[in-house]
Amino acid sequence: MSDAASMTALWWAVIFSGLYHGINPGMGWPLAVSAALMESKHSALPKALGMLATGHFLAMIGILLPFSLMMFLVRWEVELRVVAGLLVIAMGIYLLINRRHPKFLARVHPARLALWSFLAAMAHGAGLMLVPIFLGMCAVGADDVGHAAAQSLMGSNVVTAFVVAAVHTLSMTLAGGMIAVATYRWLGLKFLSKTWFNLDIVWALSLVSVGAFGLYSALFVH
């Protein structure tokens, strides 16, 4: 697979993972609907979505940024990508076995949506899902040509981490926002209570799939 094709595939993975997070009610769009209905203001909905997006973005960058700052990323990038893939797979298996939601998520008041979104993304391994994809982006076209090149690459990786987190969060917000707007304007809480769907199993399997993709791209895609 060419570098251009690999990079395109990785960016699409960032976008689709964001869309999936947005559709998943566990990432918070029902809370945005609830906040808007409680305040009885149209403006409350985009405000709530913005707070959810802020928390999600901070969770994504909180996971990605440390990897972008690793000076030894160039020399040990394959090993790091393998470990990241295994971690994501392990997280998916853990969620398949342990189906209970962390209790501390239920203790966060809906008014603190940014904090809730940050904690939810961390607890569900949402940021961890992006690590193999991000490391794949850092590896595409990267050659170990010395300390100066490593410093340059590290700076580039920091920018990439922010862009990946931003693109992913934007995709999530658009997907969740469309569902939230439809529910708030036309469907209402009655629809929400009757059609609540649980994507825990799909989420866990998607983590395993992303981890497996990360392992494959690290070991066999050059």
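User: Which residues does histidine 21 touch, not counting residues up to four places away in sequence?
Analyst: In this predicted model, histidine 21 touches Met27, His56, Ala126, Met129, His168, Met172 and Trp203, with neighbours up to four places away in sequence left out; contact here means heavy atoms within 4.5 Å.

User: What should I know about the numbering and the cut-offs behind that?
Analyst: Residues are numbered from 1 along each chain as its sequence is written, and side-chain values use heavy atoms, with hydrogens and water left out. Because the model is predicted, local features need pLDDT of at least 70 and side-chain atom pairs count only at pLDDT 80 or more, while totals for chains, interfaces and linings use all residues.

User: OK, is histidine 21 buried or exposed?
Analyst: Histidine 21 is buried, because its relative accessible area is 0%, where buried means under 20%, exposed over 50% and partly exposed in between, with a 1.4 Å probe and protein chains only.

User: And which side chain does its side chain make a polar contact with?
Analyst: The side chain of histidine 21 makes a polar contact with that of histidine 168, at 2.8 Å. A polar contact is a pair of N or O atoms within 3.5 Å; within protein, one must be able to donate a hydrogen and the other to accept it, and residues adjacent in sequence count only if both atoms are side-chain atoms.

User: Switching topic: how many helices and strands does the chain have?
Analyst: The chain has nine helices and zero strands, these being DSSP runs numbered from the N terminus, with helices (H or I) of at least four residues and strands (E) of at least two. Histidine 21 lies in helix α1.

User: Which residues of helix α2 are buried?
Analyst: In α2, residues 29-39, the buried ones are Trp29, Pro30, Ala32, Val33, Ala35 and Ala36. After α2 comes serine 40, whose phi is positive, near 55°.

User: What does the record say about transmembrane regions?
Analyst: The unreviewed UniProt entry annotates residues 12-37, 49-74, 80-97, 118-142, 162-184 and 196-219 as "transmembrane region"; such annotations may be inferred rather than shown by experiment, feature names are shortened, and positions are given in the numbering used here. In the model, residues 162-184 are 100% helix and 0% strand, with the end C-alpha atoms 31 Å apart.

User: How far apart are the end C-alpha atoms of residues 80-97?
Analyst: For residues 80-97 the end C-alpha atoms lie 26 Å apart, and that span is also 100% helix and 0% strand.

User: Last one, how much of the chain is buried?
Analyst: Of the 222 residues in the chain, 45% are buried.
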